[in-house]
Amino acid sequence: MTASEWVRSTSLYRSVIRHGVGETNRNRSLIIFENLFLHVHPVKVREKTLRFTHTFWLGGITMASMIVLIATGILLMFYYHPSVPQAYRDMKELQYVVDNGIFLRNLHRWAAHLMVISAGLHMLRVFYHRAYRPPRQFNWVIGVLLLIFTLLLSYTGYLLPWDQLAFWGVSVGTNMARQAPLVGDTIRFFLLGGNIVSENALLRFYVLHCVMLPVVLILLVSVHIWRVRKDGGVQGPLESDGASS
Amino acid sequence: MPDHEDVLETDEGVSRRDFFTQAGVGACAIAAAGSALVTLDFLKPKVLFEPPTSFIAGTPLDFADGVVRFNKEKKAYVIGTSNGVYALSAVCTHLGCIARYKSDERLIACPCHGSRFDLEGNVTHGPAPRPLPWLDVTEDATGNLVVDTGIVIPRGKVFKV
């Protein structure tokens with residue numbers, strides 16, 4: 001009996017993972033749908049859909065950046081106070097004092113840029129492969145919502161360093177919100193928690209950025225990936241494309 | 001065997017079970033709507049610790065014809081004319097940058113996107129969509145001019161001194 005066979009024979013292991021190793025098709029299927037995190041994926045996929053040129057892995061890159069953002073974001077939260085002027089000092093402390101602070105902050109920043117860019121490219125890829133068509137039309141709608149929430153996360157994170165760029169970026173952005181007919185001023189007041197970009201605004205953007213928007217994003221991403229499975233897997237380039245053109 | 005539905009059915013055609021189901025769903029809907037309203041109200045700050053919007057601009061004697069003074073903290077221009085004093089917001093109506101007074105050209109220009117305003121706040125060059133708002137000017141008990149950036153008054157209403 002090898003060590004791995006012994007581990008698999010223990011009652012502890014059997015209580016967590018009930019299926020055997022992936023030597024049979026049945027077990028390979030069980031590995032996917034007996035796992036909470038994997039079961040949103042299809043049990044079987046066609047090999048060609050995994051090729052890079054099929055989807056350019058753009059959704060996967062977006063998802064990977066999201067995971068990087070959550071991991072680095074949670075670590076940054078350990079050093080960040082959403083208050084004036086402490087927020088700016090904490091940002092500088094992360095850059096110049098905290099070990100690896102500048103690495104984590106830059107990783108968070110670049111992953112944020114990558115997530116917005118790859119989400120946009122993913123949308124273009126889906127569009128040009130006509131993957132928004134039935135039966136995937138609802139998943140396109142989920143995708144549009146995901147893009148909006150990605151941009152909202154990007155925007156709310158912009159204020160948190162509390163430097164000049166952040167302050168004026170949010171001044172300009174909330175003045176745009178003010179231009180909405182009838183409710184513009186109310187939207188701005190609720191967003192900022194007041195009439196000016198101040199501590200209230202920083203705290204509100206912080207809560208939105210670190211709690212509310214990520215929770216919604218994770219829920220929508222779960223639905224999005226699960227729907228890929230339900231709608232018959234990813235839609236790559238159409239078969240006839242090569243032949244007809 | 002009697003029909004179960006007939007036993008429960010009332011004259012109006014609504015069974016007791018349906019009535020209670022609808023009453024329950026209705027009560028939950030009202031409670032949910034109430035919670036939403038209370039939450040929305042919760043999110044609206046009742047007391048704001050924002051700096052006051054009004055400031056003392058000086059005495060009427062400070063504002064002879066042609067004098068333009070800028071209050072950096074409150075982002076407002078106070079301008080003297082031959083028949084009185086008026087105040088202009090310095091916040092560009094395009095996207096909220098602070099527009100700067102150019103004394104040599106006698107105009108107010110925004111550094112962000114190039115909007116230009118004359119000294120009455122009218123747009124002379126885009127992209128600003130609206131003129132600079134006129135602000136409330138009053139005189140306090142000691143004879144000082146008080147400008148309130150939180151109160152916008154009709155254009156052309158000069159404070160007579």
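How many of the six residues of strand E4 (residues 84-89) of chain B are buried? Five of the six are buried, and the strand is mostly covered. A residue is taken as buried if 20 or more other C-beta atoms lie within 10 Å of its own, as exposed if 12 or fewer do, and as partly exposed in between, with C-beta atoms placed from the backbone. Helices (H or I, at least four residues) and strands (E, at least two) are DSSP runs, numbered from the N terminus.

The model is predicted: local features need pLDDT of at least 70, side-chain atom pairs count only at pLDDT 80 or more, and totals for chains, interfaces and linings use all residues. Residues are numbered from 1 along each chain as its sequence is written, and chains are lettered from A and ligands numbered from 1 in the order in which they are written.

Chain B contains two helices and 10 strands. From the N terminus, the order of its elements is α-α-β-β-β-β-β-β-β-β-β-β. The radius of gyration of chain B is 30 Å, well over the 15 Å that the globule rule gives for 161 residues, so chain B is more spread out than a compact globule. This radius is taken over C-alpha atoms, and the globule rule is 2.2 Å times the number of residues to the power 0.38. The C-alpha trace of chain B spans about 100 × 40 × 25 Å along its principal axes. Of the 161 residues in chain B, 20% count as buried. Among contacts in chain B with a separation of 6 or more, 38% are between residues 24 or more positions apart; two residues are in contact if their C-beta atoms, placed from the backbone, lie within 7 Å.

Strand E4 of chain B has pairing partners in E3 and E9. Two strands are said to pair if DSSP finds at least two bridges between them. Strand E3 (residues 76-81) of chain B is joined to E4(B) by six bridges, and the two run antiparallel. A hairpin of two residues connects E3(B) to E4(B), and B:Thr81 stands opposite B:Gly84 in E4(B). Strand E9 (residues 134-139) of chain B is joined to E4(B) by two bridges, also in antiparallel fashion. In E9(B), B:Trp134 is the bridge partner of B:Leu88.

The largest nonpolar core has 24 residues, of which B:Ala76, B:Tyr77, B:Val78, B:Ala87, B:Leu88, B:Val137 and B:Val147 touch the most other members. Such a core is a set of buried Ala, Val, Leu, Ile, Met, Phe, Trp, Tyr and Cys residues joined through C-beta atoms within 7 Å. E3, E4, E9 and strand E10 (145-153) of chain B each give two or more residues to this core. Another core, of 18 residues, lies apart from it and includes A:Leu191, A:Leu192, A:Leu202 and A:Cys210. Leaving aside residues up to four places away in sequence, B:Val78 touches B:Ala57, B:Phe63, B:Arg69, B:Asn71, B:Val85, B:Ala87 and B:Val147.

An open sheet in chain B is formed by four strands in the order E5-E6-E7-E8, with antiparallel pairing. Strand E5 (100-102) and strand E8 (123-125) of chain B stand at the edges, each with a single partner strand, so one side of each is left without a neighbour in the sheet. Three bridges link E5(B) with strand E6 (residues 107-109) of chain B; B:Lys102 has B:Leu107 as its bridge partner in E6(B).

Chain A has 12 helices and zero strands. Its radius of gyration is 23 Å, whereas a compact globule of 245 residues would have one near 18 Å. The C-alpha trace of chain A spans about 65 × 55 × 30 Å along its principal axes. Of the 245 residues of chain A, 22% count as buried. Residues 24 or more positions apart make up 65% of the contacts in chain A with a separation of 6 or more.

Helix H7 (residues 101-128) of chain A has 28 residues and reaches 40 Å from its first C-alpha to its last, close to the 40 Å expected at 1.5 Å a residue. The expected span is 1.5 Å times one less than the number of residues. Buried residues in H7(A) include A:Arg105, A:Met115, A:His122 and A:Val126. The buried residues of H7(A) pack against helices H4 (52-55), H5 (58-77), H6 (86-96) and H8 (137-159) of chain A.

The contact between the chains takes 10 residues from chain A and seven residues from chain B. Helix H9 (residues 164-178) gives the most to the chain A side, with three residues.
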